[in-house]
Each structure stands twice: as structure tokens, then as C-alpha cells.
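Morning, everyone. I will go through one structure today, starting with its charged side chains and then stepping back to the whole chain.

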Amino acid sequence: MQQSLHAVTLVVPDYDTAIAFYTRTLNFTLTRDIDLGGGKRWVLVTPPGSTSGSLLLARADGPNQIAAVGNQTGGRVGFFLQTDDFARDHAAMRIKGVHFEEDPRHEPYGTVAVWRDPFGNRWDLIQFT
């Protein structure tokens, strides 16, 4: 048996704003954007060079989902963007205006820094050793 994690849902306030951030700022690939009718879309974005592990961007619908935007993991880092060159990607992200909460730090498992997307979700940029 072989399995893999296909996608993780990220609730966002607006499809196009989220697509713009992930594709223009982070250079993710827009893998799918399918109209499902009724204002819903199936939107997948994938990190550059990756063949799996996409984000499913889901527009918030209703008060519970709207309240979850930016706080889907209760304030913890919930998403981990792995890189093969931390310094390169950290510098590129900062130039494009990504907000880092801390300076890069070296941990036993690698180099890491916490950043937030424009919706408030906390991420790690991480290069494993």
C-alpha cells in the first residue's frame, strides 16, 4: 500500500486574494481552479518544485468559517514550508513583504523562522539538516 497527503484545506476570505499571495509572493503553482457552481471553487496551489502536498484554498462560508480564517490551528504554527535553501527563500520572501515574527534560528533539526501569511496563519520556513 502507498499513500500520501494530497492536500490540506486553508480557509481564506477570498479565492483570488489567496491565489495572488501564494502564486505571486511565494511562487506556488496554481494546480487547479475549477468552478463548482454557487460561488464555490476547487483551488489547489502547490509549492515550487513539489509534486504533492498542496493547499486547498477554501473561501470562508458562514460565521464559523469566517472566524477560523487565520486561526485554524488555535494560534500555533500549523503549516511548514520546507526549502532546500533557507537563506535564499528567507531573503526572497522578505523582499516580497512576507512578515517574519522572528529572526532565523538554528535548531537540532534545522534552520527555521516563523512567518505569517496575510490572513494570519502561522507558518515555519524550514530547512532540515
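A term before anything else: a salt bridge here is a side-chain nitrogen of Lys or Arg within 4 Å of a carboxyl oxygen of Asp or Glu. Arg116 and Glu101 make such a pair, with 2.5 Å between their closest N and O atoms. Arg116 sits in strand S8 (residues 110-116), while Glu101 is in the loop between strand S6 (99-100) and strand S7 (105-107), so the pair ties together parts that are 15 residues apart in sequence. Helices (H or I, at least four residues) and strands (E, at least two) are DSSP runs, numbered from the N terminus.

Some words on where this comes from. This is a predicted model, in which local features need pLDDT of at least 70 and side-chain atom pairs count only at pLDDT 80 or more, while totals for chains, interfaces and linings use all residues. Residues are numbered from 1 along each chain as its sequence is written, and side-chain values use heavy atoms, with hydrogens and water left out.

Back to Glu101. Which residue does Glu101 also form a salt bridge with, at 2.7 Å between the closest N and O atoms? That residue is Arg122. Arg122 belongs to strand S9 (residues 122-128) and Glu101 to the loop between S6 and S7, so this pair ties together parts that are 21 residues apart in sequence.

Are these side chains buried or exposed? Buried means under 20% relative accessible area, exposed over 50%, and partly exposed in between, with a 1.4 Å probe and protein chains only. Arg116, at 34%, is partly exposed, and Glu101, at 32%, is partly exposed.

Elsewhere, Asp33 and Arg41 meet in a salt bridge at 2.7 Å, N to O. Asp33 has 37% relative accessibility and counts as partly exposed; Arg41 is partly exposed at 22%. Asp16 joins Asp33 and Arg41 in a network of salt bridges. The whole structure has eight salt bridges.

Now the whole chain. The protein has three helices and nine strands, running β-α-β-β-β-α-β-α-β-β-β-β from the N terminus. Its C-alpha trace spans about 45 × 35 × 30 Å along the principal axes. Of the 129 residues, 36% are buried. Contacts are heavy atoms within 4.5 Å. Among contacts with a separation of 6 or more, 50% are between residues 24 or more positions apart.

That is the tour; I will take questions.
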